[in-house]
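Me: Hi! I have a structure here that I have never looked at before. Could you walk me through it?

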Amino acid sequence: MVLSVLFIHLIIFICTIPLVRNQQTNNFSCEIRPSQADTTEKLRALRAHLISYDLFAYVIFSQDEHDSEYVQLYDERRAWITGFLGSAGTAVVTRDNAALWTDGRYWTQAEDELDCKNWYLMRQGQSGVPSLTSWLASQVSGTPPYNQVGVAAQFASSSWWSGVNDVLNSKNATLVEVSELIDLIWKSPERPTAAANPVFHHSIEYAGETWNVRVNTIAQLVQAKKADAFIVTVLDENAWLFCLRGSDIPYNPFFKSYAIVYANGTAHLWMNKNQLDSSAQTILQNVSIHPYTSFLSDLLVLANRNDISKIWFSSSASQAIYNRIPAEKRLIASSPVELKKAIKNPTEQQGMRNCGIRDSVARVRHLVWLEDQLNKNIFINETRSADELERFQSEEQLFQTLSFDAISAFGPNGAIIHYSPKATTAAQITKSGLYLLDAGAQYLDCTTDVTRTHVFGTATQEQKKAYTLVFQGSTDLADAIFPYGVYGRSLDILARQSLYKNFMDYNHGTGHGIGHYLSVHEGPSFISMGYSSSDIPLIDGLVFSDEPGFYLPGQFGIRLETDIMVKNYTLKNNYGGSTAQFLHFEMLTWVPFERNLIICEMLTQAQKDWVNWYHSEVRKKLENTGRLNDNELVYLREKTQEIKC
């Protein structure tokens, strides 16, 4: 392309600002710190069971029986045995070693929490770090018991099991299904009790359709697949399918359950029936409900019936389910519920719009409060700020709970991608540094996940440049127009290209799916590099986050996250009369960006046009709610002034 003189001058200007540095570590060990847990006795007790079970190693997952991202306290086995509290990670304990694998979002947190005197920290994705599978293969031998790796099959997906077992078999070793060994050493009163909270009906006012309609839709897909039944194993799928919500899982309106939808349209649900409130019991009177604990035994009976020839389940289903279905009756394919759930119906879409405005009101009110406290020199730390945001969110209509533990991170803590502040050690928020606030909430009509990075004093040029580059990526993705058939992975580069030009990057995906009063992280589609066999092209009704970032360990972190919805887009004059369907993103979040951190001269005209349009919409939509007082309106108008240079 042709470079204009103005563009060349802009390059010269930008290059006078210092480049932001990156930092990495490269070995399996981690520094021993006072903040870390001591798991010595726990490992000693677990290894005693390895010996009694004739095992060389044992694998501990973060997930529960349903492959859940978030689990109730009762199911936090991996966190308990390692000391690492992050939500993603897998642990392996052998007779003489212990190792934890976690991805780049959690490396810094793991270095603070993992018991580094007893554990290796395997930084997934880092050059030279072996995968769990290859490391296990290097540790085993073909001689018993050193060829036996124990796994509680109800916590391992069938796809994980087959992949790992194939590699171990090549070493004359094997995975062995055993009972959950952590349950043998983690006992009450230290261990929390299992949750069994009330489950209620999610009204058609918010859901847009009844459970009968949804079950019939899935039944038709089962018929089309030439199967007899589909097993629903994932908690958000059961909540959506039966229009039910609970609170057994932190930050998620779920309850433990399994379900089977038959091709003839009948449905069976396995859960604790006593959890259903009277309304939910009435709504589900035509659903056969069985005890949760009987599911695996009931499945074994079903799978061996002569009138059942094919049972459909997804690869995320546990190996325990896989083992109970004869090989000739297994049909493994992506879940039809996951796809139908992800494409929001018109009622759900409108709920996401309405709710996004209410949640944005809470964010602006919180920022006015926070800035006022700092101007008055009142001590505010990370947890107090997060608590106050929750208070503002709770004052909005239809609020239920948070959608995750807020990442309220000041200064160097912002560089910890999934930082979780503790009241006793939370950093003070001041005017000297950047403040990253990543928070969301559950409302009856939506789920939100929003991040903004703020400054309350004077930022450095390095901070401004990094923020502007991240902002450019956020804007370029939000403003994208693309044809039907494009996958999210093809758009990821839009959010990274400005950073790439400055040898910068971020170690997480750009966008994840978001549920409708369900999970804050929803499949099957995503906006991120990499390939997934379950991924689908972007389609009208999918909701995502748009969240590029940059993190400089020990100094600061920047992330900008806006909720967006894929919508059909038609140009007034399609070129050549083309009838091709195009798509774009509709904004669902209306929270101002930090004008004091944007270097206007770095922006393209299109980026300036977009941010000025966005801020005008923020101002209009939030003013029209009538929820902001005079001081809050003054703040809103100041933060949404036109950016020009």
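Predicted model: local features only at pLDDT ≥ 70, side-chain atom pairs only at ≥ 80, totals over all residues.

Me: Great. Which way do strands E21 and E28 run?

Reply: E21 (residues 481–483) and E28 (residues 582–587) run antiparallel, joined by three bridges. Strands pair if DSSP finds at least two bridges between them. The labels are DSSP runs numbered from the N terminus: helices are H or I with at least four residues, strands are E with at least two.

Me: And what stands opposite Ile481?

Reply: That is His584 in E28. E28 also pairs with strand E27 (residues 562–569), again in the antiparallel sense, over six bridges. There, Val566 has Phe585 of E28 as its bridge partner.

Me: Switching to helices: which residues of H6 are buried?

Reply: In H6 they are Ser158, Trp161, Val164, Asn165 and Leu168. They sit on the same side of H6, because they cover an arc of only 140° around the axis. The arc is taken from the directions from the helix axis to the C-beta atoms. Buried means under 20% relative accessible area, exposed means over 50%, and partly exposed is in between (1.4 Å probe, protein chains only).

Me: What do those buried residues pack against?

Reply: They pack against helices H5 (132–139) and H13 (319–323), plus strands E5 (148–151), E6 (174–177) and E13 (311–313). Contact here means heavy atoms within 4.5 Å.

Me: How far does H19 reach?

Reply: H19 (residues 605–623) has 19 residues and reaches 27 Å from its first C-alpha to its last, close to the 27 Å expected at 1.5 Å a residue. The expected span is 1.5 Å times one less than the number of residues. Among the buried residues of H19 are Trp610, Tyr614 and Leu622. The partners that the buried residues of H19 pack against include helix H15 (346–375), E27 and E28.

Me: Now the rings. How many aromatic pairs are there?

Reply: A search of the whole structure finds 23. One of them is Tyr70 with Tyr251, an edge-to-face pair at 6.4 Å centre to centre and 70° between the planes. Rings of Phe, Tyr and Trp (its six-membered ring) pair if their centres lie within 6.5 Å; planes under 30 degrees apart count as stacked, over 60 as edge-to-face and the rest as tilted.

Me: Where in the chain are Tyr70 and Tyr251?

Reply: Tyr70 is in the loop between strand E1 (57–61) and helix H3 (77–82), and Tyr251 is in the loop between strand E9 (244–245) and strand E10 (258–262), 181 residues apart. Tyr70 is buried at 16% relative accessible area, while Tyr251 is partly exposed at 26%.

Me: Which rings join into a cluster?

Reply: Ring pairs link Phe471, Trp590, Phe593, Trp610, Trp613 and Tyr614.

Me: Last one: is Asp75 buried or exposed?

Reply: Asp75 counts as buried, at 0% relative accessibility. Asp75 lies in the loop between E1 and H3. Leaving out residues up to four places away in sequence, Asp75 touches Ser62, Asp64, Glu65 and Lys256.

Conventions. Residues numbered from 1 in each chain as written. Heavy atoms only, no water.
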